[in-house]
Amino acid sequence: MNETITIKGARLHNLKNVSLSIPKDKLVVLTGLSGSGKSTLGFDILNKEGMRQYMESLGLVTDGLSKPQGMTITGLSPSISVDQHLTNHSPRSTVGTATEVFTYLRVLFARVGHRPCPACGKDVPPPIYEYAEDEIPNETNEVQSESSEDNFPCPHCGAPIPEMGMAYFSFNKPAGACPTCTGLGVVRQVVVSRMLDENKSIPENGIIWWDEFHINYYTQILQNASLYYGLDLNINTPIKEFTETQRDLILYGTQSTQFSRHFPNKKPPKTNAQGNFEGIVTNLLRRFDEHASNESYRAKLEPYFSTQTCPDCGGTRLRPESRLVTVNGKSIIEIARLPLNALYAWLKSLPPIFTAQENLIAGSILIDLDDRINRLLEVGVGYLTLERSSPSLSAGEAQRLRLASLLGSGLTGVLYVLDEPTIGLHQRDTQSLIRVLRRLRDLGNTVLVIEHDIEVMHAADYLIDIGPGAGKHGGEIVAAGSPEEVMRNKTSLTGQYLSGEKIVAVPRHRRMYNGRELFIHNACEHNLKNVTVSIPLRLLVAVTGVSGSGKSSLIFDVIDKALRKRLTNANTEPGKFDHIDGMDQIDKVITIDQEHIGRIPRSNAATYSDAFTAIREAFASMEEARWRKFSPRHFSFNVPGGRCERCEGTGVLTVKMHFLPDVEVRCPVCHGRRFTRETLAVKYGGFDISQILDMTVEEALTVFQDVPAAASRLKVMSDVGLGYLKLGQPATTLSGGEAQRVKLAKELGRKATGRTLYLLDEPTTGLHPDDTGRLLAVLQRLVDAGNSVLVVEHNLDLVKAADWVIDLGPEGGEAGGRLIAEGSPEQVANVNESFTGRYLRQLLR
């Protein structure tokens, strides 16, 4: 049996003929500078080839997983990957449904839940049936319970009471979902004032989103409707002067109940010629529903809507009768709002108070719940609640939920590939995560972790450092062996940070508090407990604390939204607080989070940062382009003109594989080059536009050094550590940290006012310690220009370099949400209650 995974001659992307032996059944950490080739080796080679070999052994089609050319890999196991890409964007998915904890709770409430009798109001225990001890929730049980029409008598008054199976506690099934919001907890309403300019007539753009075509087209239909109903509608009258009937026609249309109530005995017109007008509100709602899977289209319509908590269920998602059922005095809604660590304690309290019969019924359910929740606590997400929406989770939180499920699988002989599982994790919790990784290893698996965290590197059985640089300067194995062996390798940059020979430096002089501040009074959103805190302006401020302590609630839900409401009249309501002083000192707020910069492959770093606009203009200025009468448009792959129309500028064609994932093949016309031959004939600096898109930011910077508009944007991308990125790399393939740094580069490329507040969410994600130092220099530049930078961050290398630190805690969830310490890093280091302070104390010695 092979004891190693052996790779020979790996040349994918920037890897330079890499040959390597990786010990199996070990915790292996793959590290190196951002862009050095770690993900290529871990995900594109080891993970994909592990999947391909396994599927091939089962006789399955592997067209989408081509065999790597020119390299050999032996000793591979079937692979499972856990990356940073959030795949669940459904508003119906929650932490509870994704982990199946809520599913088991639904069984618990269906079997032992009490409820009041609708006739006499007295407490009614559940009917007692015999259940198989090993019966677990499944779809068949749910369908049967949903379709059950059985009743049982109230033990007090004899009134019939309908049985409630587990489906009655699901907001994703008609039996349990609130009928008003269909189980979403919120209702979306059109804000009419955002669609109309009441002081204008329809031809004067009184209906804001109608252009000239829509005005001409719909005006005729409106006049037909006016004639049909005898409304005497004058379209040249300001909209504010319309009668109620005329407004209902414009807003809701001839088929709506709002309009037809005015003409109860008249049938609506059937054709446009008769006056069948849809109504602008009705039209908007229809288009929004029809494009449920098109996020970019829906985003264009979002400004016309407001989202409000459902007035009937109060955001709980369930029917009233389901909300009345309790176990030990608590409803399933109250339980779903408990942090997982509090839920764990509540479940432990049940057996002593249950009757012998209830313990017999609920015993196996409680054992399963205990096991599932304990694994979630182990991976450090005990502060999360079951009702937390899956799309709202950070990449690190989603990854740790997946890690918890892998712990429960009990698989052996597997290669696990994980991408920075410490993202968003406070240093206090890193050791717990390391124990989880070791447990996976001890089951008989190889655990390969791509990671920059020093503590995780020290815990590795085997450490591989790829470099020495990024992009074309990387792709080589600099060092491999135990952490001690890597530390002794003087050519390894990682080894120097591991040994402490190199560190991210603390500034010699910190900026002092200057009296300018945002002063937040009594912030109480989510778990914040009336936090009153001063945010100094024109400083680099780090907001830190253990996971779930309230950092994001304070910065993004309260401060960010409150400033946007004041500065731009944004339609999102800020989190709860009394008031904020000092907002007049800010004239612009820029929020840079880890949301992806595009969900379509056409978007890339060059287009998003606007560098590609200047590049296209440079190509259009060439003599060859002028002779061919080419404009910058001809050098865009997003519009017709110079692109290859066979693949519409993507360079690939998508082949539908029916029951298998779609496969992309190279375009047979342009051979993957995206553009026509005529377009490719135009050269700038000896390169065509396709070759430019295949360059890294660093390489393109050399080519366009004499084009200021392009060079300045490319330089900023290089400064934030993205010099290794290829200009044409699809935005969908960027990690959350890379996407954030692209956004940061775009904002840095703009002129700052000196009164701008930058809000950043863990900007060191995906950064090697050496890259963190470069990022810090960029952030310091922003502050030196008179701006304020507020960073939510766990990375202590950044926290110790800040001018001011705000620490929230002391724990996550309901045990957090308090201000623990504030001041310079040295001051916070002296606060004994602060977990952050304890670690800072060691770093600042």
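This is a predicted model: local features need pLDDT of at least 70, side-chain atom pairs count only at pLDDT 80 or more; totals for chains, interfaces and linings use all residues.
Me: How do I read a sheet, and which strand order does the open sheet of 6 strands have?
Reply: Strands of a sheet pair through backbone hydrogen bonds, either parallel or antiparallel. Helices (H or I, at least four residues) and strands (E, at least two) are DSSP runs, numbered from the N terminus. Two strands pair if DSSP finds at least two bridges between them. Here the order is β5-β14-β15-β3-β16-β17, with mixed pairing. At the edges stand β5 (79–82) and β17 (476–481), each with a single partner strand, so one side of each has no neighbour in the sheet. On average, neighbouring strands of this sheet are turned by 15° against each other, direction ignored; axes are lines fitted to C-alpha atoms, for helices over the stretch in contact, and angles run from 0 to 180 degrees between N-to-C directions.

Me: How do β3 and β15 run, and how many bridges join them?
Reply: β3 (residues 27–32) and β15 (residues 446–450) run parallel, joined by 4 bridges. To find the pairing on screen, look for leucine 27, which stands opposite valine 447 in β15.

Me: Which strands does helix α16 lie across?
Reply: Contact means heavy atoms within 4.5 Å. Helix α16 (residues 430–442) lies across β3, β14 and β15, and runs at about 145° to β15.

Me: What is the strand order in the open sheet of 3 strands?
Reply: That one reads β2-β1-β4, with antiparallel pairing. Its edge strands, β2 (18–23) and β4, each pair on one side only. Neighbouring strands here are turned by 5° against each other on average, direction ignored. β1 (residues 4–10) pairs with β4 over 3 bridges, and lysine 8 stands opposite threonine 72 in β4. Helix α1 lies across β1, β2 and β4, at about 115° to β1.

Me: What about helix pairs: at what angle do α6 and α8 cross?
Reply: Two packed helices are described by the angle between their axes and the distance between the axes. For α6 (residues 244–252) and α8 (residues 280–290), the axes come within 3 Å and cross at roughly 20°. The two are therefore roughly parallel to each other (angles under 35 degrees count as roughly parallel, over 145 as roughly antiparallel, 65 to 115 as roughly perpendicular and the rest as oblique). Ile250, Leu251 and Tyr252 in α6 meet Ile280, Val281 and Thr282 in α8.

Me: Which residue forms a salt bridge with glutamate 290?
Reply: A salt bridge is a side-chain nitrogen of Lys or Arg within 4 Å of a carboxyl oxygen of Asp or Glu. The structure holds 38 of them. Glutamate 290 pairs with arginine 286, the closest N and O atoms being 3.1 Å apart. These two are 4 residues apart in helix α8, so about one helical turn separates them.

How values were computed: Residues are numbered from 1 along each chain as its sequence is written. Side-chain values use heavy atoms; hydrogens and water are left out.
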